[in-house]
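Reader: Hey, I'm new to this one. Can you walk me through it?

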Amino acid sequence: MKASNTLPTPDVALAGTLIYNIREQAVNEKEIHAALEAGKTVAFKHTAAGQPGKIIPGLEIPHGLALFAVKQEPIPGHPGRKHIITTIIPEEIPTTIQSFSAEKGAQESRKETFSLSEEEIEEEIKKHMQLQVDLVNSLTPPAAFSAYWTPVTQNFPFNPGYTQNFWSYKNGSGQTVQVVVRQTYYVYLTQNGGQTQFNIIVVQNGYSQASANGGIVANDGWEKVFLNSDFHLKQSLSGCTNAYASSPTTSLNSSTPIPDSISVPFQLICRQGGKSSIQSFTPQYSNSVLSTDWGIILQQDSGNIDWCYYTTNPWNSTQQYFQDFGNWWGRMYDGDDNVVSINNQCTGAVNFDSVSLWNTPASKGMTSLNVNFGYSSYYYFVGFANPSGTGNGHHQMVQASPSNNPNPSGYDLISITGSYQYFNS
């Protein structure tokens with residue numbers, strides 16, 4: 001690699017932002033630290049194995065990313081405490097596209113890969129510069145406690161584009177999916193029954209919309225493409241020993257809001273007058289979202305939490321699988337053989353909100369404690385056409401299933417909470 005400073009750009013909107021293209025440039029650690037301290041965004045494009053790695057204290061940047069952008073925002077009322085905010089986009093987004101016929105069954109399957117252009121990456125950097133993430137007051141310890149804690153936000157924008165090139169009607173037309181997922185990790189150093197540990201509360205929220213502008217390839221009686229069917233949002237915190245609370249649980253929704261909440265008493269380890277102290281604090285979070293005609297299935301083990309959001313009307317996408325189209329396709333067409341109305345799934349946004357609680361033990365004498373903040377998501381966008389729409393005499397269904405699965409970011413919990421003195425005093 002050749003040494004360089006910032007990547008030259010004529011775009012004034014990016015002025016003052018520190019941008020490195022890892023394929024072409026060597027990073028300058030001193031420059032990066034100065035930019036972050038000044039409140040600027042630092043962006044790394046096309047991260048590779050070992051590059052840039054642990055260039056930022058307490059944070060290991062993953063490889064295989066089209067973009068890793070980071071900034072540190074001061075936390076009001078907490079002098080010296082910073083909120084780490086990142087935007088993470090993988091280098092490639094794999095997609096499988098399949099078509100099925102009611103009359104003939106499986107007909108075609110192919111794989112595609114979606115990647116951002118350099119211009120699109122720069123647009124995401126601009127969005128990151130403007131990104132504001134409000135902390136939840138009820139999850140923020142009182143400043144007077146001087147607790148060892150910190151917030152970290154990971155932002156996962158996801159906007160793949162698709163072209164309908166299966167059927168004659170509207171052939172060549174396209175649309176862009178829009179998915180916004182943000183996870184804020186509230187990391188606390190606590191004591192539980194004499195055991196020192198880190199507790200992490202994760203708040204996840206956002207929405208999935210089949211089209212970024214509310215319009216799809218086709219939304220009429222002949223053809224509806226592409227629309228939301230179901231999607232999975234998965235958290236995986238390797239290095240934590242347990243995920244022992246999560247909300248919402250499995251829920252069949254009709255028209256009522258789906259609630260999620262958490263309330264857990266902590267004994268926070270704090271620093272006061274040069275000594276350690278214990279303060280009682282109960283983080284609380286409560287929210288609800290209205291997603292008509294959508295349900296949730298929660299799957300959880302010690303190291304993973306997976307929320308599956310699925311449509312319940314006019315079909316149940318967890319019971320009538322895409323591959324079983326021949327067994328239930330009849331409900332998708334009315335008496336005139338037109339595709340039935342599915343407006344919520346076609347143009348509406350599916351909102352989601354969840355909260356989870358993780359922990360991992362710690363002990364005196366430790367100099368670091370590394371946890372990977374992992375996230376992955378899988379989406380299923382589908383379309384239907386009648387024989388007039390397909391142009392081939394068959395009732396058909398097509399499914400595009402992209403996945404957003406970036407390599408996880410590694411965080412040293414001792415470093416980011418500023419608790420080194422506690423562990424080594």
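Predicted model: local features only at pLDDT ≥ 70, side-chain atom pairs only at ≥ 80, totals over all residues.

Reader: Got it. Which residues touch the most other members of the largest nonpolar core?

Author: Phe44, Ile200, Phe373 and Leu413 do, in a core of 83 residues. A nonpolar core here is a set of buried Ala, Val, Leu, Ile, Met, Phe, Trp, Tyr and Cys residues joined through side-chain atoms within 4.5 Å. Buried means under 20% relative accessible area, exposed is over 50%, and partly exposed is in between, with a 1.4 Å probe and protein chains only.

Reader: And what does Leu413 touch?

Author: Leaving out residues up to four places away in sequence, Leu413 touches Val187, Phe198, Ile200, Thr360, Leu369, Val371, Phe373 and Ser419. Contact means heavy atoms within 4.5 Å. There is also a second, separate core of 19 residues, and Phe145, Phe266, Tyr285 and Leu357 are among them.

Reader: Okay, holes next. How many cavities of 30 Å³ or more are there?

Author: The structure has 2 of them. On a 1 Å grid over the protein atoms alone, a cavity is a set of points where a 1.4 Å probe fits but cannot get out; a pocket is an open set with protein on both sides within 12 Å along at least five of seven lines, and lining residues have an atom within 4 Å of a point. Grid points are joined across faces, edges and corners, and a volume is the space filled by probe spheres set on the points.

Reader: What lines the largest cavity?

Author: Its volume is about 40 Å³, and the lining is made of Ile258, Val289, Ser291, Trp294, Gly295, Ile296, Tyr309 and Asn351. Strand β23 (residues 294-300) gives the most, with 3 residues. Helices (H or I, at least four residues) and strands (E, at least two) are DSSP runs, numbered from the N terminus.

Reader: Which classes do the residues of that lining divide into?

Author: There are 5 nonpolar, 3 polar and no charged residues. Ala, Val, Leu, Ile, Met, Phe, Trp, Tyr, Cys and Pro count as nonpolar, Asp, Glu, Lys and Arg as charged, and the others, Gly among them, as polar.

Reader: What about the second largest cavity, what lines that?

Author: That cavity holds about 30 Å³ of space. Among its lining residues are Ile88, Gln154, Phe156, Phe373 and Tyr375. β26 gives the most to this lining, with 3 residues, and the lining divides into 6 nonpolar, 4 polar and no charged residues.

Reader: Switching to strands: how many residues of β9 are buried?

Author: 8 of the 9 residues in β9 (residues 93-101) are buried. β9 runs antiparallel to β27 (residues 396-404), and 7 bridges join them; two strands pair if DSSP finds at least two bridges between them. One of the bridge partners is Ala400 in β27, which goes with Ile97.

Reader: Where are the cis peptide bonds, say the one with Pro248?

Author: That cis bond joins Ser247 and Pro248, with omega about 10°, and Pro248 sits in the loop between β18 (242-247) and β19 (258-263). The bond from Asn313 to Pro314 is cis too, with omega near 5°.

Reader: Last one: is His46 buried or exposed?

Author: His46 is buried, with a relative accessible area of 3%. Its phi is near 60°, a positive value in a residue other than glycine. Asp293 also has a positive phi, about 70°, without being a glycine, and Asp293 is buried at 16% relative accessible area.

Methods
Residues numbered from 1 in each chain as written. Heavy atoms only, no water.
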